[in-house]
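Subject: Structure for your review

Dear colleague,

Please find below the structure that I am handing over to you. My findings follow it.

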Amino acid sequence: MFACIHSENVPPDLSLTEFAYAFSPLVEETRAGTVVIDVDGCELLFGSAYELANEMAGRAKQARADGGLEATVSVALAANADAAIHAATQLSGVTFVSPGEELTCLGEFRIDQLDYELVGIEQKTAAEIFETLRLWGIRTFAEFASLPVSGVSERLGRVGLRLQQLAAGKTERHLKLKQEAPVFANSLELEHPVAELEPLSFIFARLLHQLCAALNAHALASNQLRVQLQLTDQTIHERRLSLPYPMRDHKVFLKLLLLDVEMHPPVAAVRMVSLSCEPVKPRVLQNGLFVPLAPAPDKIELTLARLAKLVGEENIGSPALLDTHRPDAFVMNRFTVPLKKSHRQTAIGKRQRLGLRMFRPALRAVVETEQGWPTQISAWGKQRSVYGKVIQVAGPWRTTGDWWREDRWARDEWDIAVAASKTSGEPPGLYRIYRKLNSEMWFVEGNYD
């Protein structure tokens, strides 16, 4: 059973919609001044459907007297939502349409009063059909509904059939419910300040369970969790957890949040907790049939959080090169899951390139020079050594930078070819060596493959 409430010249403050919410949470705002309510089950409160309609009309009059509604309100009840809309918009007062008797109430309405927008038909198409019906001599809803279905389908198509069902009050559709945008945020004010992690974890668990339940109800996940702790010293301790993978498991969120609070504890007792998240669509993966299963992303995130607690957040992540000439300059970024696999395209073709195999740490070397050019080199490490006569040299290339910092660098780099040694059995090779300008010390940085 559906009830339609219609009012002319409704003020722009949506008071009619607020009035409809007093009877049912299932409300469709069809247009300005017209709302439809699903009133199934409301008869238990008001006795019957007719008494429900009278109650709506009575409350509307009272709201008008109180200044809430500025115009006369008409109410119609019917088993079909579209039939209730036609009855409420064309008839004044209270109208009750019995199931199966829609044409008794709507049959005398003119055909141009048919609300074609209810079935998604454009104005131009509806005008053409109305003109055709006028040429046929069809003037009312009842006359249109009495036409044979096969004839209407052959001459007017599917659009004509939808209009005929609308005129007969036999359309079936779901209400387009008006719902507020979901807000994924919860807060709780504590009766007594909490200064320990264990009682705070119970509060986190309660709020996270509600937050993840709301995400699950809307088929969403989150990759960012925001925590605000209002402290007793009138300050706010705010933390933001960025996740590389959208998830909605409150247990995983709780473990990550507790680890973060342990690494960044608040400076005072907590008297109010607020949690919010950024909703995103969950990531869907199609695993290959012959691809081995990888660890679950939530378990990897928990492992990384535990490692960050042990070694520090700045010492864990994914290394990324910096845009600088400083040797081995890099920064640790947070692990992220790429949305798509990137295919790097280069224009190198079949050209061969040398690869430098770095020695970590660089080998301390003793280099003999003649007029500034390396002629003999000796370097030993735990697993490798370089010894021999330098038979070819390229360089030097001087690099300097960050002179204003304590860790500034300045060095000369050389590429050398070392002859094979008969005593040590070392094969000939190509090496990159450098000399620090501040200490005049030589090092072997690596060898070329």
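**Overall picture**

Among contacts in the protein (heavy atoms within 4.5 Å) between residues at least 6 apart in sequence, 59% join residues at least 24 apart. Please note that this is a predicted model, in which local features need pLDDT of at least 70 and side-chain atom pairs count only at pLDDT 80 or more, while totals for chains, interfaces and linings use all residues. Residues are numbered from 1 along each chain as its sequence is written, and side-chain values use heavy atoms, with hydrogens and water left out.

The protein has 11 helices and 17 strands; these are DSSP runs numbered from the N terminus, helices being H or I of at least four residues and strands E of at least two. Of its 449 residues, 38% are buried (under 20% relative accessible area; exposed is over 50% and partly exposed in between, with a 1.4 Å probe and protein chains only). The accessible surface comes to about 28200 Å², and carbon and sulfur atoms hold 52% of that surface (Shrake-Rupley method, 1.4 Å probe; for residues, only the protein chains shown count as cover).

**Nonpolar cores**

A nonpolar core is a set of buried Ala, Val, Leu, Ile, Met, Phe, Trp, Tyr and Cys residues joined through side-chain atoms within 4.5 Å. The largest has 35 residues, of which Phe204, Leu225, Leu257 and Val273 touch the most other members. Elements giving two or more residues to this core include helix H9 (197–217), strand E7 (221–231), helix H10 (250–263) and strand E9 (270–280). A second, separate core of 34 residues includes Ala84, Val97, Tyr116 and Val152.

Leaving aside neighbours within four places in sequence, Val273 is in contact with several residues, among them Leu188, Leu200, Ile203, Phe204 and Leu229.

**Cysteines**

There are zero disulfides, a disulfide being a pair of cysteine sulfur atoms within 2.5 Å. Cys277 is buried, at 9% relative accessible area.

Ser378 lies in strand E13 (residues 373–380) and counts as buried because its relative accessibility is 14%. Not counting residues up to four places away in sequence, Ser378 touches Arg364, Ala365, Val366, Val386 and Tyr387.

Leu307 is found in helix H11 (residues 297–311) and is partly exposed, with a relative accessible area of 37%.

Yours sincerely
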